[in-house]
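Please examine the structure shown below. The report that follows describes some of its aromatic contacts, one of its helices and the confidence of the model.

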Amino acid sequence: MRASRLLSLLLLLQTRGRMTATEIAEELEVSVRTVYRDVEALSAAGVPVYADRGPLGGYRLLDGYRTRLNGLTVEEASSLFLAGLPGPAAELGLAGFAAAAELKLLAALPPEPRSHAARMRERFHLDVPGWYRSADEAPFLTEVAEAVWDERVLRLRYRRWGPTEVERLVHPYGLVLKGGSWYLAAACSGTVRTYRVGRIIEAEVLPERFERPQDFDLAEFWRGFAADFASRMYTAEAVVRLAPGAEDLFRYTVGQDVVDKALADGQPEPGGWTRLTLPIESLTHARWLFLRMGVLVEVLEPAELRAMMTEAVADLSRLYGTAPEDDATQGP
């Protein structure tokens, strides 16, 4: 256990450079006192670990020191080939580099991890986009990625929801791939915003550089953005009755997380039906969703939504209440 932790400490310093004892302790999930002991053990083993004092201090390796140990277990090496990178790498213009890196990694592994990794690649495949939708076309992804990497100002012409087009000068901080769609996190007018890359109409990487904030955490920003988006997406609530046995179809139609939470608080009714209260995006959107459920869902509240369902059912009745006319068989 300690040998594995020492190797992890060595690789952390090798890949990240200077780190404080507190940062190392948080990364390895140990106490600061344990970090002190582990650093002493590495030094005793001949690893050139140095401590820089002062407010910008921390532990670091001697400049130029590199270990050839990779410390990969069979399981760790195999998991690298489940990273789902070939598709995204190709979109970023890095397909050749990703393939070369994979070959080099395989060549560097000992026989047993190499065979496990090869079998993992042969037996598992990741397809990021969900069913019934393809990945976004993002013709300017390469330019956006270049600006992110080189910390250059980016001029965008962007299509917002609806027919509106806007122009923006942004400082691109990072890219996120979500459900087959790329999103850009960028600062504009002092605020970090998100832009769907597939909606970019024009993109120009400018010579001007910017300084990316050192404390900006892309993963943390995205978690906060996703949580805020979910809270803003639902603007009202609806009360419905769900037929017995229709739970899975309801999850598929409305969304698993929303339905599971509603079912946990649901109230049983006669005949096996369940009374549910669940959030909705809008009355129009809810009508569309609940109509897909047919007679398996009855809307109780709000009254306006129930009236919209009644009107929709009446329209359907008029549409399907008579046999369709066959113009080809009609006389003049």
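## Rings, a helix and confidence

In this predicted model, the charged end of Arg292 is placed over the ring of Trp288, at 5.0 Å from the ring's centre. Arg241 likewise lies over the face of Trp273. The table lists both contacts.

| Charged residue | Ring | Distance to ring centre |
|---|---|---|
| Arg292 | Trp288 | 5.0 Å |
| Arg241 | Trp273 | 4.4 Å |

Helix α3 covers residues 32-44. At 1.5 Å a residue, its 13 residues should span 18 Å, and the 19 Å between its end C-alpha atoms agrees with this. Thr34, Val35, Asp38, Val39 and Leu42 of α3 are buried. These residues lie on the same side of α3 because they cover an arc of only 135° around the axis. Arg33, Glu40 and Ala44 are exposed on the face turned away from that buried side. Just after α3, Gly46 adopts a positive phi of about 95°.

The chain has an average pLDDT of 83, and 77% of the residues score at least 70. Confidence is highest in strand β11, at a mean of 96, and lowest in helix α4, at 62. Over residues 328-332, pLDDT stays under 50. Where pLDDT is low, predicted coordinates should not be read in detail.

Note on methods
Residues are numbered from 1 along each chain as its sequence is written. This is a predicted model: local features need pLDDT of at least 70, side-chain atom pairs count only at pLDDT 80 or more; totals for chains, interfaces and linings use all residues. Side-chain values use heavy atoms; hydrogens and water are left out. Helices (H or I, at least four residues) and strands (E, at least two) are DSSP runs, numbered from the N terminus. The expected span of a helix is 1.5 Å times one less than its number of residues. Buried means under 20% relative accessible area, exposed over 50%, partly exposed in between (1.4 Å probe, protein chains only). The arc is that of the directions from the helix axis to the C-beta atoms. pLDDT is the predictor's confidence in each residue, from 0 to 100. Contact means heavy atoms within 4.5 Å. A charge sits over a ring if NZ of Lys or CZ of Arg is within 6 Å of the ring centre and within 35 degrees of the ring normal.
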